[in-house]
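Subject: Structure for handover

Hello,

Here is the structure I said I would pass on. Please look through it first; my notes follow below.

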Amino acid sequence: MKKGILFFLMFVFVLQSKAQFLNSIGITAGVSAGNQKFYFFDPLSISKKKYVFGGNGSVFLEFFSGDYARWVSEIQFNQKGSLDKQPEGNYANKLNYICWNNYLKLRYEMDRIIPYILVGPRLEYNLTQGTTSPVITGKFLPLHVSAAGGVGVEFISYSNFKFFTEAFYNPDILMPAYKRTGLSVRNKNIELRVGLKYEFGGRKETCNTPTYVE
């Protein structure tokens, strides 16, 4: 564990030394509302499930220092699933994922805030599953790809530490999370989170004082 932390800090130091290549490093934490759709093929039908709530958290790196476009790469822990309501009872399906997320970040600086949008793919690894729906008889895919889009607001700060809030929509539109003969399951997540980042070599304010010549 200590070696891993040391390696990560050395990696950040090397990136930060490369002339503005690494802009900032940060963390996030929040809540997730998970839902699922069950696609049956014999006969053909779609069953929409109810939401369950969980948590999420991440560490991320933000690259480049453009005024309007940047790139964000993060490692995220995320909880997904659904509540399957049936006449005979309710079945909870809960999934824990480790995700590698990459986003194009488009931003616009204003006087007090910086609104932005994020869009990109997620590579998700299924850590654990606790599924009680009778029709789920096997494991969810260990690896699958999903898409995510989000909006955020960063609050202007004159220190190197920046506070922000974000909201994400994360559907399985690229591939299902579970598949067997006659059934596939797709996840859908809504995520709200807050975060704090440290921006390397933050912008310095300048004061232009007029010079009068007699």
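A contact here means heavy atoms within 4.5 Å. This is a predicted model, in which local features need pLDDT of at least 70 and side-chain atom pairs count only at pLDDT 80 or more, while totals for chains, interfaces and linings use all residues. Residues are numbered from 1 along each chain as its sequence is written, and side-chain values use heavy atoms, with hydrogens and water left out.

Confidence comes next. pLDDT is the predictor's confidence in each residue, from 0 to 100. The protein has a mean pLDDT of 89, and 85% of its residues reach 70 or more. Residues 15-19 stay under 50, and the model has 6 contacts for them beyond four places in sequence. Residues 204-214 are also below 50, with 1 contact beyond near neighbours in sequence. Where pLDDT is low, the predicted coordinates should not be read in detail.

On the fold, the protein has 1 helix and 10 strands, in the order α-β-β-β-β-β-β-β-β-β-β along the sequence. Helices (H or I, at least four residues) and strands (E, at least two) are DSSP runs, numbered from the N terminus. Of the contacts with a separation of 6 or more, 65% are between residues 24 or more positions apart.

Two strands count as paired if DSSP finds at least two bridges between them. Strands β6 (residues 113-131) and β7 (residues 143-155) run antiparallel and are joined by 13 bridges; I114 has E154 in β7 as its bridge partner. β7 also pairs with β8 (residues 161-171), again in the antiparallel sense, over 6 bridges. A hairpin of 5 residues joins β7 to β8, and V151 stands opposite A167 in β8.

Of the 214 residues, 38% are buried, where buried means under 20% relative accessible area, exposed over 50% and partly exposed in between (1.4 Å probe, protein chains only). A nonpolar core is a set of buried Ala, Val, Leu, Ile, Met, Phe, Trp, Tyr and Cys residues joined through side-chain atoms within 4.5 Å. The largest one has 10 residues, among them F38, L95, Y97, L183 and V185. β5 (89-107) and β10 each give two or more residues to this core, and β5 has the largest share, with 3. A second, separate core of 8 residues includes F60, Y116, A148 and F168.

F38 is in contact with L183, S184 and V185, among others beyond four places in sequence. S184 lies in strand β10 (residues 183-199) and is buried, at 7% relative accessible area. Besides F38, its contacts beyond four places include K37, Y39 and P176.

Last, the salt bridges, each a side-chain nitrogen of Lys or Arg within 4 Å of a carboxyl oxygen of Asp or Glu. There are 11 by this rule. R70 meets E62 at 2.8 Å, N to O; R70 is buried at 4% and E62 at 1%. R70 also forms a salt bridge with E199, with the closest N and O atoms 3.9 Å apart. E199 lies in β10 and R70 in β4 (residues 69-86), so this pair ties together parts 129 residues apart in sequence. E62, R70, K105, E154, K197 and E199 are linked in a network of salt bridges. The side chains of R193 and E166 also meet in a salt bridge, at 2.8 Å, N to O, and both residues are buried.

Regards
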